[in-house]
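Here are my notes for someone opening this entry for the first time. Please read them alongside the sequence and the coordinates.

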Amino acid sequence: MSNHDIAVAGVGMHPWGKWGKNFVSYGVHAARAALADSGIPWTDVDYIVGGETVRNGYGGYVAGATFAQALGWNGARVATSYAACATGAQAIDTARSRILAGLCDVALVVGADTTPKGFLAPNAGERWDDPDWLRFRLLGMTNPAYFALYARRRMDLYGATQEDFAAVKVKNAKHGLSNPNARYRKEVSVEDVMTSAVVSDPLHLLDICATSDGAAAVVLCSLDYARRMGLEKPVRVSAVSTVTPTFPNTVMDMPNLSTDPSAAVGTPELTFKESIGRAAYEEAGISPEDVDVAEVYDLSTALELDWIEDLALCKRGEAETLLRAGDTALGGRIPVNPSGGLACFGEAVPAQALAQVCELTWQLRGQAGDRQVEGAKVGITANQGLFGHGSSVLLSV
Amino acid sequence: MTATPAIEGWFTTGAEPALLGSRCTACTSTYFPPTAQQGSFCRNPACDGEEFETVELSRRGRIWSYTDAQYQPPAPYIAPHAEGEAYEPFALVAVELAEGIVVLGQAAAGYGVGDLKVGAEAEVVVETLYADEAGERSIWRWRPLNSGLVTELGQEVDQ
């Protein structure tokens, strides 16, 4: 146990889907579920952090206060975090800092979103200095096209096949079957994936995650407070990595049109995604061999394979070998995305990194039901978002 | 009618077109898209350079990866086809240059993913992207050379 661990006192979610409601209603539902799970009343929470949602107007920009008001102003201090897909983890990190500094006892972290149909496109207007706008205007480069670049490299460099990518979907669909918070709960076959439309070669429609409404919340407190609450062996947050890339970032990242140049300074030891996981392991003093379960950001099926290697759960180029051996399925050596992952959820940006933490908390408590990873003691999450954001949360019990 | 670049200052036109990068005068890191006009800072954390010179980037590089767009991308993408005509999928290529930089671009007209391979050579060309009220707008694209792997990357920047 490191000396900067904090306790997860409670977790809760609103089921993912397309519910047509306001993001606040999802967030409050998740927050109340997490508070009920913790047994701590809202009036005892003295810090609330909201994950900002950029598609829901001013209330979304000040999400922390929006949730606080909806739950009833209780005088808690407030913050709102935004870090693209890593928003939830950054919000946890913010809460953790205040808890570890002794400046608060109990923090509630909430993320909720509603998302549009189809491709995520940039906001309207002409913005010739914005790479997120230029990539559409000059290239027609959508998010799935970036995922497809990574998938193609696996095929040309490591011999991955489209059937391997489909097998990731099949596995995750099976994992999510009994998850009450998952949006898609249906078995999928390799043939289903292979016969779905190709969106960006080599990825089919069923290789790419949808966008969803959803919310997740986490109640955090110090280990001392947990003890006073009678929580003897709580799930602990042992690391929160929110590192930025180290120059030069040599992997083509959304929404950029190019990478950093390496000719003058050489390539760094680790890629950005590798460095995200490395920082989590170092902070926790836990090594990849100790990990029992992982929740990684499968924006595409192939990206799950990248993450397995980025988190050092196997060597570079060997993720397909693990997949084919069933090692990453429930019952295997290192189950990946037992929740069903984004394949079964679809992405709800500010809630997603929190949802990963909720799942691992249930796993480490042994409360995951049919999708339980037996005897799981250490779990790790990973994700990456736009503009140098990424995160990895390491949980242990 | 001669096409004008869809974006000013990012590439040259003519018989041997090239992408234009900004080279930091202090550490020689070379950026694309060019940054010099915007009063930018060198992104190398060990360098506080703020002056850049515009340089032509290597015209050839090695394919880092590739894909295509089977569905028409959303706005602000402008489709090249006239209203009522069918959308034509196009390929996208990321090419690694000797400057140690990977640059995205569409594949040259007529080339699809079947013509591409990670590690193979590609060359920059300039073609029409779309037409607006001012006429045709051009863009850089990558044309696969199918001449095997690049073996002497770096020669061009050494000049």
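Which residue in strand 10 of chain A stands opposite Ala294(A)? The model is predicted.

1. The residue is Ile380(A), which faces Ala294(A) from strand 10 of chain A. Strand 9 of chain A and strand 10 of chain A, the latter covering residues 378–384, run parallel and are joined by 4 bridges.

2. Strand 9 of chain A is covered on both faces. Val293(A) and Glu295(A) lie on one side, Ala294(A) and Val296(A) on the other, and all of these residues are buried. In general, side chains of a regular strand alternate between the two faces of a sheet.

3. These strands belong to an open sheet of 9 strands in chain A, with the order 3-2-4-7-1-8-11-10-9 and mixed pairing. Strand 3 (77–81) and strand 9 (293–296) of chain A are at the edges; each has a single partner strand, so one side of each lacks a neighbour in the sheet. On average, neighbouring strands of the sheet are turned by 25° against each other, direction ignored.

4. Two helices that touch the sheet deserve a look. Helix 10 of chain A, residues 272–284, lies across strand 8 (235–241), strand 10 and strand 11 (390–396) of chain A, and runs at about 30° to strand 11 of chain A. Helix 14 of chain A, residues 349–365, packs on the sheet and touches several strands, including strand 1 (6–17), strand 2 (47–51), strand 4 (106–113), strand 7 (213–221) and strand 9 of chain A. The direction of helix 14 makes about 55° with that of strand 7 of chain A.

5. Now the chain as a whole. Chain A contains 14 helices and 11 strands. Its radius of gyration is 20 Å, close to the 21 Å that the globule rule gives for 397 residues, so chain A is as compact as a globular protein of that length. The C-alpha trace of chain A spans about 55 × 50 × 45 Å along its principal axes. Buried residues account for 62% of the 397 residues in chain A. Of the contacts in chain A between residues at least 6 apart in sequence, 76% join residues at least 24 apart.

6. How do helix 7 and helix 11 of chain A meet, and at what angle do their axes cross? The axes of helix 7 (residues 162–176) and helix 11 (residues 301–310) of chain A come within 8 Å and cross at roughly 90°. The two helices of chain A are therefore roughly perpendicular to each other. Phe165(A), Ala166(A), Val168(A) and Lys169(A) of helix 7 of chain A meet Thr301(A), Ala302(A), Glu304(A) and Leu305(A) of helix 11 of chain A. By class, the residues of this contact between helix 7 and helix 11 of chain A are 5 nonpolar, 1 polar and 2 charged.

7. The contact between the chains involves 35 residues from chain A and 43 residues from chain B. On the side of chain A that touches chain B, helix 5 (131–139), helix 6 (143–158) and strand 5 (198–200) of chain A each supply at least two residues. Helix 6 of chain A gives the largest share of that side, 7 residues. The side of chain A that touches chain B divides into 22 nonpolar, 6 polar and 7 charged residues.

8. One joins Asp201(A) and Pro202(A), with omega about 10°; Pro202(A) is in the loop between strand 5 and strand 6 (203–204) of chain A. Another runs from Met254(A) to Pro255(A), with omega near -5°. Pro255(A) sits in the loop between strand 8 and helix 10 of chain A.

9. Ala84(A), which is not a glycine, has a positive phi of about 50°. Ala84(A) is in the loop between strand 3 and helix 4 (87–100) of chain A. Is Ala84(A) buried or exposed? A residue counts as buried if 20 or more other C-beta atoms lie within 10 Å of its own; Ala84(A) has 21 C-beta neighbours inside 10 Å, so Ala84(A) is buried. Asn337(A) has a phi near 55°, also positive, and is found in the loop between helix 12 (319–324) and helix 13 (341–345) of chain A. Asn337(A) is buried as well, with 29 other C-beta atoms within 10 Å.

Methods:
Residues are numbered from 1 along each chain as its sequence is written. Chains are lettered from A and ligands numbered from 1 in the order in which they are written. This is a predicted model: local features need pLDDT of at least 70, side-chain atom pairs count only at pLDDT 80 or more; totals for chains, interfaces and linings use all residues. Two strands pair if DSSP finds at least two bridges between them. Axes are lines fitted to C-alpha atoms, for helices over the stretch in contact, and angles run from 0 to 180 degrees between N-to-C directions. Two residues are in contact if their C-beta atoms, placed from the backbone, lie within 7 Å. The radius of gyration is taken over C-alpha atoms; the globule rule is 2.2 Å times the number of residues to the power 0.38. A residue is buried if 20 or more other C-beta atoms lie within 10 Å of its own, exposed if 12 or fewer, and partly exposed in between; C-beta atoms are placed from the backbone. Ala, Val, Leu, Ile, Met, Phe, Trp, Tyr, Cys and Pro count as nonpolar, Asp, Glu, Lys and Arg as charged, and the others, Gly among them, as polar. Angles under 35 degrees count as roughly parallel, over 145 as roughly antiparallel, 65 to 115 as roughly perpendicular and the rest as oblique.
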